[in-house]
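Colleague: I'd like to learn how to read a helix in the context of its fold. Could you walk me through one?

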Amino acid sequence: MIYKFKSKSAGDVIMMGPTGDHLMRLLGRQPAPKGIIEAKDMPAAIQALEQAVAADEAARAEAEAEAAAKGEKLAPREGNVSLRQRVWPLVEMLKRSHAHGHDVVWGV
């Protein structure tokens, strides 16, 4: 499945299924082919994504420190793309949409 997030306030954001599914779980939702994030719910969604990014970066830093202590180098992330890079377009869409009072939808 491909997620195509749409809003009247921003250009479309397209994500492949596994990334979109992971993002839905970070937002506390079940992956679904159709959905909506209402403007009133966007601050909580933005906060959830930002907290997930902070936790991911802290875990990565800890793993790198442990590997360095053993004299090893941590393997690069799968695809060399961090969670921050994956969620940034959607976070920006949510911020713009919230500022203009527009919902974000997908699958419609």
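Modeller: Gladly! Keep in mind that this is a predicted model. Let's begin with helix H3, whose buried residues are Leu 83, Val 87, Leu 90, Val 91, Met 93, Leu 94 and Ser 97.

Colleague: How should I read the spacing in a list like that?

Modeller: An α-helix has 3.6 residues a turn, so residues three or four places apart point the same way. In H3, Leu 83, Val 87, Leu 90 and Leu 94 are among the buried residues.

Colleague: What covers the buried residues of H3?

Modeller: The cover includes strands E1 (2-7), E2, E3 (35-37) and E4 (104-106), along with helices H1 (17-26) and H2 (42-69).

Colleague: And where is the kink in H3 centred?

Modeller: On Pro 89, with a bend of about 35°. The end-to-end check still agrees: the 18 residues of H3 (residues 83-100) should span 26 Å at 1.5 Å a residue, and the end C-alpha atoms are 26 Å apart. Just after H3, Gly 101 takes a positive phi of about 75°.

Colleague: Turning to the surface, is Met 16 buried or exposed?

Modeller: Exposure means over 50% relative accessible area; Met 16, in strand E2 (residues 10-16), has 53%, so Met 16 counts as exposed. Together with Ile 2 and Ile 14, Met 16 forms a nonpolar surface patch of about 340 Å² of accessible area.

Notes
Residues are numbered from 1 along each chain as its sequence is written. This is a predicted model: local features need pLDDT of at least 70, side-chain atom pairs count only at pLDDT 80 or more; totals for chains, interfaces and linings use all residues. Side-chain values use heavy atoms; hydrogens and water are left out. Patches are made of residues with over 30% relative accessible area and no salt bridge: like charges are joined within 9 Å, nonpolar side chains (Val, Leu, Ile, Met, Phe, Trp, Tyr) within 5 Å. Accessible areas come from the Shrake-Rupley method with a 1.4 Å probe; for residues, only the protein chains shown count as cover. A salt bridge is a side-chain nitrogen of Lys or Arg within 4 Å of a carboxyl oxygen of Asp or Glu. Helices (H or I, at least four residues) and strands (E, at least two) are DSSP runs, numbered from the N terminus. Buried means under 20% relative accessible area, exposed over 50%, partly exposed in between (1.4 Å probe, protein chains only). The expected span of a helix is 1.5 Å times one less than its number of residues. The bend at a residue is the angle between axes fitted to the seven residues ending there and the seven starting there. Contact means heavy atoms within 4.5 Å.
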